[in-house]
Amino acid sequence: MRYLSTRGGMPPRRFCEILLEGLAPDGGLVVPETYPHLTLEELARWRDLSYPALALEVLRRYVDDLPEAQLRDIVARTYTREVFGSADITPVRTLAPGLHILQLSNGPTLAFKDLAMQFLGNLFEHVLSRSGQRLNILGATSGDTGSAAEYAMRGKHGIRVFMLSPYGRMSPFQTAQMYALQDENIFNIGIRGVFDECQDLVKAVSSDAQFKARHRIGAVNSINWARVIAQVVYYFKAYFAVAHRVGDPVSFAVPSGNFGNIFAGHIARRMGLPIHRLILATNENDVLDEFFRSGRYRVRKGEEVHQTSSPSMDISKASNFERFIYDLSGGDAAQVLRLWQQVERGGGFDLRGTDLMPRLADCGFVSGSSSHADRMDTIRRVYRDYGVMIDTHTADGLKVGLEHRDADVALICLETALPAKFADAVREALGRDPEVPASLRDIEQLPQRVEVMDADVQAVKAFIAAGCED
Ligand SMILES: *Cc1c(COP(=O)(O)O)cnc(C)c1O
């Protein structure tokens, strides 16, 4: 398998060469030259595979420059009952005939990002140890991604994590999830400021190419290709759990932000999985819903971004979206380049009247959005009708999923976080507290480890430089 850039400016590379990189050198995203395709007969042979065995089958088609035995070992160490709470790893819960929830949130930080991030931690450690390299991961978080990255990288040889967070502005639970980690390779940097300032600091540090190279600074954001393909696996797993016969159509509803999760569903379909519809759900930050309804992509300005009760979907643009447009264009990098030049100049583009519009109508995506009142209502209804508590993000997905449900097609709604992570909103909806898993019950009482500083680039750089020394 060889990898290219969506903007056409990168010579073909192998998987291990792109693994640790963020953007392609030309500013585009890395994509595979082709998607492997499986027939229904081949798919039927995957039906009864365990999660790690299925993960190996999917991943080895994209990761073909590591010996298969090594990949098998990494996958086997990642997808265990100890880490994910059950041998199924991603169990399906049936609410009613033909209506299912895919439970993706039983990993260490109670959100679906663990499924990809835990794999990434083990993969990075393995690849770095082979080449004798080190990596210092720098990131900014408003809560979710930071804790998933820290839990994935804690204790890993050759890896350090420097995570900036807005000091005093996260929920007590989220704060404790990160700051209570005592591992020596995890550095929490609490910034006196808001999340945007944290993100600006990361950009400022990363744009100093010399500093970045000297200290081997990398990232684990949602455009990382290994994260995307790790997410493809559970679409197959859920399909086999629900479909009566391999070949039956099944639809998926996906609470979406940066378009990573649902894009993995698109890849699964490109590989031959009989997905009827991919139903994209947004909250009030509806840049993607607007696109799939109209063909117009309009990036939001900072002040247009709403702070909502499903905060992990509060985005102004969708970082993985360029991969989808590349695929829609049939791999036309020149067209992608032109469109993203329009994004940089004018904040968006419009596909109406172009040759891409008919393809968009045909691509099997539908979308909708959800409000705070919708979330509250959905959480209440699901609790009343099925006795199941869901979080606000999952509620966005379920609300939009039900609007687009077809008779006779099973619908799987992806659960992206447990209610315990967003306890305030769940309390508002139900008047009671969500259950917290035993392992995290006393987490807010644990001692915390954080370096607090002003939003000052030089101070952050000095701290990283000191932390990188052996
Ligand atoms: C990250 C996240 C999302 C959005 O996923 P994308 O891959 O960015 O579309 C949805 N829900 C939760 C709880 C998340 O943490």
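Which residue in β14 stands opposite Gln 103? The residue is Glu 415. The model described in this report is a predicted one.

## The mixed sheet

Gln 103 and Glu 415 face each other where two strands meet: β4, covering residues 99-103, and β14, covering residues 410-415, are joined by 5 bridges. These two strands run parallel. They belong to an open sheet of 6 strands, whose order is β3-β4-β14-β9-β10-β13. The pairing in this sheet as a whole is mixed. At its edges are β3 (92-96) and β13 (365-369), each of which pairs on one side only. On average, neighbouring strands of this sheet are turned by 25° against each other, when direction is ignored.

A helix accompanies part of this sheet. Helix α13, formed by residues 287-294, lies across β10 (275-282) and β13. The helix runs at about 135° to β13.

## The parallel sheet

A further open sheet contains 5 strands in the order β8-β5-β6-β7-β15, and here the pairing is parallel. The edge strands are β8 (217-218) and β15 (451-454), and each of them pairs on one side only. Within the sheet, strand β6 (residues 159-166) is joined to strand β7 (residues 186-192) by 6 bridges, and the two run parallel.

Helix α6 (residues 113-131) lies across β5 (135-140) and β6, and runs at about 140° to β6.

## The ligand and its surroundings

The ligand is surrounded by 15 residues, of which the closest are Lys 113, Asp 144, Gly 257, Asn 258 and Asn 261. Sorted by class, this shell consists of 5 nonpolar, 8 polar and 2 charged residues.

In the side chain of Lys 113, an N or O atom is 2.5 Å from an oxygen atom of the ligand. For Gly 257, a polar backbone atom is 2.7 Å from a ligand oxygen atom. A nitrogen atom of the ligand lies 2.9 Å from a polar side-chain atom of Thr 416. On its own, the ligand has 380 Å² of accessible area, and the protein covers 97% of it.

Which loop contains Arg 441? This residue is found in the loop between α19 (423-430) and β15, the latter being an edge strand of the parallel sheet. A polar atom of the Arg 441 side chain lies 2.8 Å from the backbone oxygen of Val 436. Arg 441 and Thr 378 are 63 residues apart along the chain, and their C-alpha atoms are separated by 26 Å.

Conventions
Residues are numbered from 1 along each chain as its sequence is written. This is a predicted model: local features need pLDDT of at least 70, side-chain atom pairs count only at pLDDT 80 or more; totals for chains, interfaces and linings use all residues. Side-chain values use heavy atoms; hydrogens and water are left out. Two strands pair if DSSP finds at least two bridges between them. Helices (H or I, at least four residues) and strands (E, at least two) are DSSP runs, numbered from the N terminus. Contact means heavy atoms within 4.5 Å. Axes are lines fitted to C-alpha atoms, for helices over the stretch in contact, and angles run from 0 to 180 degrees between N-to-C directions. A residue is near a molecule or strand if one of its heavy atoms lies within 4 Å of it. A polar contact is a pair of N or O atoms within 3.5 Å; within protein, one must be able to donate a hydrogen and the other to accept it, and residues adjacent in sequence count only if both atoms are side-chain atoms. Accessible areas come from the Shrake-Rupley method with a 1.4 Å probe; for residues, only the protein chains shown count as cover. Ala, Val, Leu, Ile, Met, Phe, Trp, Tyr, Cys and Pro count as nonpolar, Asp, Glu, Lys and Arg as charged, and the others, Gly among them, as polar.
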